[in-house]
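Thanks for coming. I will go through the surroundings of the ligands and then a couple of backbone details.

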Amino acid sequence: MKVLIIAPVADGMSNPKAYPPMGLYYVMAILNRYRPNWEVKICDMNHDKLLDYQYDVFLIGINIVQVLITKEIIKYIRRNNPHAYIILGGAMAPYLLNEYGSLGEDLIYSGEATKELISVLEKRTRRFYCATIKPQLRLGLPQIEEIVLKYNSYDQGAKSFSYIYSRGCPFNCSFCSKGVLRHESKIIRYTSEMILEDDFLRIYNNSIKHIRLWDDNIGLNKLKDQILLNKISRFNFTFDCQIRSEYATIEFINKLKKHGCTGVRIGFESFSDQILKIIDKNTSTENHIKAILNCRTIGLPVRGLFIIGLPGETQETINETMNVIEKYNLSFTASIYCPYPGSSIWDNPTAYDIKFCKNEILQNAEKAYYSKSGNYNCFVETSKMSRADILKGHQMIYDLFPELTKSEGERKRYN
Ligand code: B12
Ligand code: SF4
């Protein structure tokens, strides 16, 4: 069987070279492992042109911003190969049928790629398939060499590699679109120690010095964290990761630093307790401030991630966020809020202080992120802020603190 796995163009991604489509390499790993005689290739349309349509099966992985482009890709495939079997999967898969109807695919596969995918392909199952979530996580990444050749990202001047050690998240922020993890997301699945060792050995053998961790769970499980950190130290990697503010205790930050952490990203979202409550963030601005201070005490660079335009946003709440950024000289990234399917706000907009048009978002999601012209868009309004106010408030943060958009490391280098 000839299989082509496609990553559609991800418009607005600042540097696609830095972001391998990790999920699709795991899909490839499953096929390679259970059907080694199948010919399986990946076409990342951020880099490669889709020129050859002579495959039996096309597997396409999509998130919300890749839906419309995928519809076009499917049209091309059908035109050039009417007998192809086309499957859609990835973060947006569970919501596609409900929100868009069919995009022209044969099957929507919701969930992690597991061995079940093989029988789905062989039986040419139609319409919708929901994979069961297994406690044990997936295989390793056998194509590390290929990924390193194609994607060269540098962090802290060192060649780096994106990696994810755990999946799931026990929290339920009302703005978060949990995608394939769905309600079972509370079952946290970790890569086994043996696989971790094997992956890291091959990452090391490919001259990678820095790991960029995309886990949502660092700090949640002491034992698992320790396994990960020991492995990182064993290969002498440096790394960066994201953590929640309440996990950023002085002990944990110290531990991260000792094991080679060069910086943490913290999803503060807002410095208004009222907003944190509305979005069910399950933490407080007190924890946020402590986290910043703990990072400063230990000397670990921190970047705050914020979302402007969340339910309950007012000019005052934006000011609260700005005051903290200024007071702590905090490096930051601020996005504009856009509700996505799979989140509680999307499902129950009337329960929140927010207004938006679902159809407008579904037809323009890729523009909500960051348009090619460099402009942001806003598709929401709160009772106190219009779209224009939110855009203005967001722009003001960038205008007031342009220096703070750089990382702490960069700021030191240029001072
Ligand atoms: C790393 C990451 C990024 C990176 C890199 C993205 C990239 N293209 O590689 C950056 C920071 C750039 C990014 C940006 C954005 N991201 Co992002 N990102 C993630 C994150 C944290 C990890 C993704 C990952 O690699 N997971 C690991 C792999 C193994 O999992 P996976 O991709 O889900 O793949 C598995 C299954 O889904 C399945 N599968 C996947 N594809 C396919 C295809 C087929 C055919 C089959 C059968 C199975 C299958 O098998 C895989 C292995 O089990 C996820 C959250 C998460 N924890 O997953 C959010 C997430 C994917 N991002 C999300 C969003 C919304 C965005 C942005 C739109 C954010 C914004 N508003 O600015 C942008 C869009 C960028 C773009 N243009 O694509 C949402 C998607 C929601 C949705 N419903 O679509 C997520 C789920 C976060 C969330 N909880 O809201 N992101
Ligand atoms: S935003 Fe982060 S902490 Fe909140 S539910 Fe999503 S992954 Fe979990």
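How many residues of the shell around ligand 2 are nonpolar, polar and charged by class? Before I answer, note that this is a predicted model. The shell around ligand 2 has four nonpolar residues, two polar and two charged. By name, the residues around ligand 2 are C169, F171, N172, C173, C176, D216, R244 and G267.

Now ligand 1. There are 42 residues around ligand 1, and those that come nearest are A10, G23, G61, G89 and G90. By class, the shell around ligand 1 divides into 27 nonpolar, 10 polar and five charged residues. As for elements, α1 (22-34), β3 (57-61) and β4 (85-89) each supply at least two residues of that shell. With five residues, α1 gives the most to the shell around ligand 1.

On to the backbone. Most residues other than glycine have a negative phi. S207 is not a glycine, yet its phi is positive, about 65°. Where is S207 placed? S207 sits in the loop between α6 (193-205) and β11 (210-213). S207 counts as exposed because it has 9 C-beta neighbours inside 10 Å, and the cut-off for exposed is 12 or fewer.

N329 lies in the loop between α11 (315-327) and β15 (331-336). Is N329 buried, exposed or partly exposed? N329 has 13 C-beta neighbours inside 10 Å, so N329 counts as partly exposed.

That is what I have for today.

Conventions: Residues are numbered from 1 along each chain as its sequence is written. Chains are lettered from A and ligands numbered from 1 in the order in which they are written. This is a predicted model: local features need pLDDT of at least 70, side-chain atom pairs count only at pLDDT 80 or more; totals for chains, interfaces and linings use all residues. A residue is near a molecule or strand if its C-beta atom, placed from the backbone, lies within 6 Å of it. Helices (H or I, at least four residues) and strands (E, at least two) are DSSP runs, numbered from the N terminus. Ala, Val, Leu, Ile, Met, Phe, Trp, Tyr, Cys and Pro count as nonpolar, Asp, Glu, Lys and Arg as charged, and the others, Gly among them, as polar. A residue is buried if 20 or more other C-beta atoms lie within 10 Å of its own, exposed if 12 or fewer, and partly exposed in between; C-beta atoms are placed from the backbone.
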